[in-house]
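Q: Could we go through this chain together? Please begin with the terms before turning to the details.

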Amino acid sequence: MGVTMKEVAKLAGVGVGTVSRVLNNGSVKSKTRVKVEEAMKVLNYQPNYYARGLKTNRTYSIALILPSIWHPFFAEFAFYVEHYLEERDYKLFLCNSNGHAQKEQEYIQMVKQNKVDGIIGITYSDIDEYISSNLPFVSIDRYFTEDVIYVTSDSQQGGQLAATELIKRGCKELAYIGGYQLTPNETKNRRKSFMAECATRKVTCHSLNMLEPLTHTRESIKEFLEANPGIDGIFTINDSMAMDVCETIESIGKKVPDDIQVIGYDGQRDRDGQPYLVSTIAQPIELMAKTAVDLLLGVINEEEVPNRTVLPVTFGEGWSTKTLLQ
């Protein structure tokens, strides 16, 4: 037989209810929590999550819907979501939808069938009719018809910051290059605020805004650049697009950043502590993940949480822009 909660409580000198609150991240004095955790370690206590789930009518698992696990931003976001769920004794169920609405609908049904306790979702599919305000669901970047809780980086600030940084580095003719979806989401503000900032500063700005799913992307970028040879600064919807733009610039005989400077959006790195893959508007990926976890567990625990959380972005200097002289 395994060690019981009663045995842990006896060794720690507390009641069984206190042990239960520690396991469920309830309100417990820090000294008491340390005593209980030490008793668990001494006795090698392993919580019975199945029995715990039956008692509380929970699975202690959360689904994370991602459009693609290949995308570095989504992969890093998933890493931190799992980390912060683990701190709260929850397990992660990773759902790679590949942008298919049918798969995302099936994942949403998992909540309704009590297979998971809630969902954190990055989705651009047409699933609005399946998302309701009483569903334990936290969205990233996207809002829905009903008041669904969502977390986003400040795309408006990001677009303004990208224009400012390019202009500071001497760019005279700017451009935005990106893709967009028909579904409403905050990422569209990146283009809007970038172009608005250019207009405010009376700087010429062009736009290549392509409807997703994208096809023949580099050919479209090449045609756009050849049609607008004066462009010397570009802001893109994300870092992956920025890297495509940089390679296309090189293919037409120009140099990055000498001839054209490029800023992406996301803050992608090969791994933690490494330089940015390109100059970028960096999202606070870890904070976004932690906030999403905190909000979702708050909803599950029937707490009041804000519907919209906007987190600040920063400029991350990489190789694709010129270094400012001090």
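A: Buried means under 20% relative accessible area, exposed over 50%, and partly exposed in between, with a 1.4 Å probe and protein chains only. Helices (H or I, at least four residues) and strands (E, at least two) are DSSP runs, numbered from the N terminus. The model is predicted: local features need pLDDT of at least 70, side-chain atom pairs count only at pLDDT 80 or more, and totals for chains, interfaces and linings use all residues. Residues are numbered from 1 along each chain as its sequence is written, and side-chain values use heavy atoms, with hydrogens and water left out.

Q: Which way do the residues of S4 point, and are they buried or exposed?

A: Phe137 and Ser139 point one way from S4, while Val138 and Ile140 point the other way. All of these residues are buried.

Q: What does S4 pair with on the S5 side?

A: Strand S4 (residues 137-140) pairs with strand S5 (residues 149-153) in the parallel sense over 3 bridges. Two strands count as paired if DSSP finds at least two bridges between them. Ile140 stands opposite Val151 in S5.

Q: And how many bridges join S3 and S4?

A: S3 and S4 are joined by 3 bridges, in the parallel sense. Val138 in S4 is the bridge partner of Ile120.

Q: In what order do the strands of the open sheet come?

A: The order is S2-S1-S3-S4-S5-S11, giving an open sheet of 6 strands with parallel pairing. Strand S2 (91-96) and strand S11 (308-311) are the edge strands, each pairing on one side only. The twist averages 20° from one strand to the next.

Q: Which strands does helix H5 touch?

A: Helix H5 (residues 72-87) packs on the sheet and touches strand S1 (61-66), S2, strand S3 (118-121) and S4. Contact here means heavy atoms within 4.5 Å. The direction of H5 makes about 170° with that of S1; axes are lines fitted to C-alpha atoms, for helices over the stretch in contact, and angles run from 0 to 180 degrees between N-to-C directions.

Q: Where does helix H11 lie?

A: Helix H11 (residues 285-300) lies across S1, S3, S4, S5 and S11, and runs at about 170° to S5.

Q: Changing topic, how many helices and strands does the chain have, and what does the C-alpha trace span?

A: The chain has 11 helices and 12 strands. Along its principal axes, the C-alpha trace spans about 75 × 50 × 30 Å. Of the 326 residues, 48% are buried.
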